[in-house]
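Subject: Structure for you to look at

Hello,

I am passing on the structure we talked about. Please open it alongside this message; my notes on it follow below.

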Amino acid sequence: QANFEEESQKQTSVGHWTTIMPSEGSKEEPETGCQDARGADETQSTEQLNVSRLRSSSVEIREKGSEFLKEELHKAQKELKLKDKECERLSKVREQLEQELEELTASLFEEAHKMVREANTKQAASEKQLKEARGKIDMLQAEVTALKTLVITSTPSSPNRELHPQLQSPSKTVFRKGHGRNKSTSSAMVSAASQNVTPEPVSHERKEVDSILFAEFQAWKESPTLDKSCSFLDRIYREDVGPCLNFTKQELSELVRVAVEQNTLTIEPIASQTLPVVKVSAEECSGPKKCALSGLPRTCKHRIMLGDSGNYYYISPSCRARITAVCNFFTYIRYIQQGLVRQDVELMYWEVMRLRREMSLAKLGFYTSEM
């Protein structure tokens, strides 16, 4: 603009010099018109120059703005890629932790199940040893009783010749070398022991897989579910669970079955009760001397609560054994459904059969003395 103003001043000065010598008449009017036309041209060129400069500056600003936006977009894309990589890394870490947790849970369950089996085996061995010890005690008591009987029957006036073999006739005298037990004592001891001690039959249990039951279990194992419409659970409900939870009090029996299926049943020993017993009615909850499920007068050592109702029901040891057997079965199949049991299919099948046998024994009235 400074150059343009200098040029315009120069042109103005030149035009001024042309008007120093005025002419007469109408000669001054054309010169004035030329000067006006020249000034308009100069103004128009100035405006065009300014417009061109504004256009060039706006184009330059637009280009710089687009370059800046491209740089920002590139930075944002880099940050997004970094965040995607971080999300993938965190997801892998989470999957690894979940897998480790699942394996740890499965191993803990297997270890706990193994410990339970070992404890049951040790308990069975201890019970067997206890029975043998009791048999030996009974035998010794029988022997002591026989000795007492022989001693009492031997008097100075009529001595017992079995206790005093030297009083026997020479033909009946038996030559003894060293110490020997009197035959009558041994025979009396054996006869008394045979009356008190009954020899236990030796049990050699054998197992054979039933093809129909095993096929049903395999089909259920492919997609384990707690829906009792499948053939595997339908059979167990009909043959074991239903009869095992079929008590005299039908309405309460149905509530117990639902609570067992939903895993909301609680069994507590009466001796360790610290909470007050909430009674609905004397007939429904019964008492320590009457079972709420069977309605029979029994010594109840445990009580049950259905869900969070707060109502407790006293149950007899037999009813407790039946409920516990069904609960053990449902607990095991829930573990299988959750994928916590990682054993061979045949081993799982035999464990299910063992639990079914416990339910069968419980519904027939068999239970251990610990109940």
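Along the sequence, the chain runs α-α-α-α-α-α-β-α-β-β-α-α. That comes to nine helices and three strands, where helices (H or I, at least four residues) and strands (E, at least two) are DSSP runs numbered from the N terminus. The model is predicted, so to speak of local features a pLDDT of at least 70 is needed, side-chain atom pairs count only at pLDDT 80 or more, and totals for chains, interfaces and linings use all residues. Residues are numbered from 1 along each chain as its sequence is written, and side-chain values use heavy atoms, with hydrogens and water left out.

The chain as a whole

Of its 371 residues, 24% are buried. Buried means under 20% relative accessible area, exposed over 50%, and partly exposed in between (1.4 Å probe, protein chains only). The accessible surface is about 26,800 Å², and 56% of that belongs to carbon and sulfur atoms; these areas come from the Shrake-Rupley method with a 1.4 Å probe, and for residues only the protein chains shown count as cover. Among contacts (heavy atoms within 4.5 Å) with a separation of 6 or more, 68% join residues 24 or more positions apart.

The core

The largest nonpolar core contains 45 residues, and Val-256, Leu-293, Ile-323 and Phe-329 have the most contacts inside it. Such a core is a set of buried Ala, Val, Leu, Ile, Met, Phe, Trp, Tyr and Cys residues joined through side-chain atoms within 4.5 Å. At least two of its residues come from each of H4 (211–222), H5 (231–244), H6 (250–261), S2 (302–306), S3 (312–315), H8 (317–337) and H9 (345–363). H8 gives the largest share, nine residues. Beyond its neighbours within four places in sequence, Val-256 touches Leu-265, Leu-293, Ile-304, Leu-306 and Ile-323.

H5 against H8

The axes of H5 and H8 come within 9 Å and cross at roughly 155°; axes are lines fitted to C-alpha atoms, for helices over the stretch in contact, with angles from 0 to 180 degrees between N-to-C directions. H5 is therefore roughly antiparallel to H8, since angles over 145 degrees count as roughly antiparallel, under 35 as roughly parallel, 65 to 115 as roughly perpendicular and the rest as oblique. On the H5 side the residues are Leu-233, Ile-236, Tyr-237, Val-241, Pro-243 and Cys-244, and they meet Arg-322, Val-326, Phe-329, Phe-330 and Ile-333 of H8. By class, this contact has 10 nonpolar, no polar and one charged residues. Nonpolar covers Ala, Val, Leu, Ile, Met, Phe, Trp, Tyr, Cys and Pro, charged covers Asp, Glu, Lys and Arg, and the others, Gly among them, are polar.

Single residues

- Ser-316 lies in the loop between S3 and H8 and is buried, at 4% relative accessible area. Not counting residues up to four places away in sequence, Ser-316 touches Cys-291, Arg-298 and Cys-300.
- Asn-328 is in H8 and is partly exposed, at 34%. Leaving aside neighbours within four places in sequence, Asn-328 is in contact with Leu-355 and Glu-358.
- Asn-263 sits in the loop between H6 and S1 (265–269). Asn-263 is exposed, at 53% relative accessibility, and has a positive phi of about 60° although it is not a glycine.

Regards
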